[in-house]
Amino acid sequence: MEPTTRKDAPFISVQQIERLDRTYCSDWLSNNKLTCFERGKASADEYWHERDLVTNEKKSLGIPPYLTVQVSPIRQHAVAYPYYGGEIRLINLEQGRSITLPQQSRGNRGTWTDNGLYVTTTVRENGNHIAIIDAATGSVTDIPLPQQVQQVQKVQAKGEWIYVLDQSSQLLTFKTSAPTEIFQTLANVADFSLSPSGQELAYVINDSNTSQQKLYITSPDLVARNESPPIARMKVIGQLSWSPTGDRLAFMSLDLNQGVSGMYLISANTGSTTQLTNQANMKAPVVWSPNGQQLLVSESNEYDYYNRDSITTIYRLK
Amino acid sequence: MNIVNEQSKWSKKTARIAIIIGASFVALSLITGCGNDKLTVKQPPAANETGTAANPAEQPTGSEEQNPAKQFELAITEVKEAHEAIELFDKHISKADKKAADSMFLRLEQFYTEQLPSINANLTTIMSQADMQKYIEHGIFNIEKAKQDSAYKEWLLNQEKGKLIWDWADDVFLKVDYAALHKDYANYISADLSSYLAIQANESAEKLMSDGALKITRDELAKRLIDVEQYVTGYPNAQKKAAMLDLYSQYIHEYIHGYRYNAIADETHNDTMKLLPEVKANYEKLVQQHPTSKTAQIVSDYLVVINENKDVIYNQGEPGGSIRGDIKPTIKKFWDQLDVQVNQLFGQ
């Protein structure tokens, strides 16, 4: 198939790929610094550290390796939680202090909002809740989930709106002030991601007729109408990740045909799409650097007890 | 991949956008985006394996154009599927001398390390698709049935062609089929790497542990300890020394104190907290059979400590609490110092 490139489409390509062997990195502390730990047989117990990509220096963050770390957009705080659920730690990166919150994480990757709130799902005696953690004060607002919601896979928030994808593949939207009133519901959703401005919603629909998934981008309030044509169709699409400025969407795609799987980038302004790599890992989050010029993908072989080596790959764009 | 190549209204700003993914463009992106000249690799210095092919620039070259190792090294950077890597390996290995074959094998093993995280992540993703749920029987994914599904047959069989083998932990996963590698390539590579492959094939065929429990007998574990020791000491410049010492460390810890749940006389054996006689006899047998080995030296030292404690490993627990109390101080000291002793004996 011949590409039909628009003349005004910006050229997005990879300038450099840097690979950090035996290293798992979860997020960016700045455009040159990452939160990482070395994960190999010889260093399985090493704590998370700050890794300087320029000098290669490491500085311990004092966070044990069984936690995973997500840094706030303004890089002042981080949240750490166990992969399989449990304690949630709120870390003040500037002061090097952390507090353990009374809420128990379900182990889902939560989301930072641009005003310093972290939204995640927690386990309570009376079921799952959404917790909105204010990083500045450490206060937590608990929101009971609507009855229709099954076990939560992913949650995001913007302003007073909460978007929840549950295990029965429903994407539900409701207000923090009225969680029992569902604003809209979309079925057969495999993944979603709200742009930083909240103006665009990317989501993936399971098409049971073709056993494929379709990627859409639309205005969040038009989701239920689902009138837009899909951006792409593949066997599996996931790990949707908006750039900090919301002008690009990265995602992973997996297909049974060789050469088509990989990580893609869509320009929100032009719609031009580029395959950045033919390496796809549907379980590896794609994490943008603060300046939107680099993408971080960390992989770990979680399945083999004796071979859990990790690799972090950084894609630098031009 | 089906590309939706039409203009669409998909933003609130009603921007009209043409979507432009094309197969030829994709192929171009792969070449320009993933070329070897753009890849920088950083490894933790302490974890570098002797003789690994981590840095292509450090590979033996010889005649650049005809050196099969160099050709393989260049070609494998563009490959993401294990079966393609094996096809490449097969294409070049017959032309390689032992040195080049070793270099190729180490690069192939590095390929597996790089690719297994995504191979297994993607396998899990595929297995979770709605049309694959019919192959889950009693909570376990039936790979053999799934391989009969025309939609997935080629993809699943390609994994096996890549000399990967199915295993099971919490879920089905793929791991390197060292037995297949040993069978097909042992004659091409050096005795050093061939021995390494044999050890890995043995470990792969019957794992030391599964579901957190030991799966092999004490005799088999003793044999594996000696095999690994003979590899490390038998090849002064062993190319996989660090990896084998890692394995040795796992083995010796299990041999000395990993059996504590079925090696100590506790509630089922009169609560003496003593090492069971058959375990002690096994230690003595190893020392007797391999008296000059470093493993025998470690085990002999442990037997001295055991005898000093009259075979008692643990103190009795407190009434109303755990049956088993603290570890005897000198026993604990021996366990804690085990890695230090291994490092001293093997010159790490």
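Colleague: Which helices do the buried residues of H10(B) pack against?

Modeller: The buried residues of H10(B) pack against helix H8 (191-205), helix H9 (218-234), helix H13 (294-308) and helix H15 (338-345) of chain B. Helices (H or I, at least four residues) and strands (E, at least two) are DSSP runs, numbered from the N terminus. Two residues are in contact if their C-beta atoms, placed from the backbone, lie within 7 Å. This is a predicted model, in which local features need pLDDT of at least 70 and side-chain atom pairs count only at pLDDT 80 or more, while totals for chains, interfaces and linings use all residues. Residues are numbered from 1 along each chain as its sequence is written, and chains are lettered from A and ligands numbered from 1 in the order in which they are written.

Colleague: Which residues of H10(B) are buried?

Modeller: A residue is buried if 20 or more other C-beta atoms lie within 10 Å of its own, exposed if 12 or fewer, and partly exposed in between, with C-beta atoms placed from the backbone. In helix H10 (residues 241-258) of chain B, the buried residues include Leu245(B), Tyr248(B), Tyr251(B), Ile252(B) and Tyr255(B), and Lys241(B) is also one of them. Buried residues make up 34% of the 348 residues in chain B, a chain with 15 helices and twelve strands.

Colleague: At what angle do H3 and H4 of chain B pack?

Modeller: Axes are lines fitted to C-alpha atoms, for helices over the stretch in contact, and angles run from 0 to 180 degrees between N-to-C directions. Helix H3 (residues 82-93) and helix H4 (residues 98-127) of chain B pack at about 175°, with their axes 10 Å apart. Angles under 35 degrees count as roughly parallel, over 145 as roughly antiparallel, 65 to 115 as roughly perpendicular and the rest as oblique; H3(B) and H4(B) are therefore roughly antiparallel to each other. Among the residues that meet are Phe89(B) and Ile93(B) from H3(B), and Leu108(B) and Phe111(B) from H4(B).

Colleague: Which residues have the most contacts inside the largest nonpolar core?

Modeller: In soluble globular proteins, nonpolar side chains tend to be buried together. A nonpolar core is a set of buried Ala, Val, Leu, Ile, Met, Phe, Trp, Tyr and Cys residues joined through C-beta atoms within 7 Å. The largest has 87 residues, and those with the most contacts inside it are Val189(A), Phe192(A), Tyr203(A) and Leu249(A). A second, separate core of 63 residues includes Ala69(B), Ala96(B), Leu286(B) and Tyr302(B).

Colleague: How many residues of S18(A) are buried?

Modeller: Six of the six residues of strand S18 (residues 189-194) of chain A are buried, so S18(A) is largely enclosed by the rest of the structure.

Colleague: What is the phi of Asp311(B)?

Modeller: Most residues other than glycine have a negative phi. Asp311(B), although not a glycine, has a positive phi of about 70°. Asp311(B) lies in the loop between H13 and strand S11 (314-316) of chain B and is partly exposed, with 18 other C-beta atoms within 10 Å.
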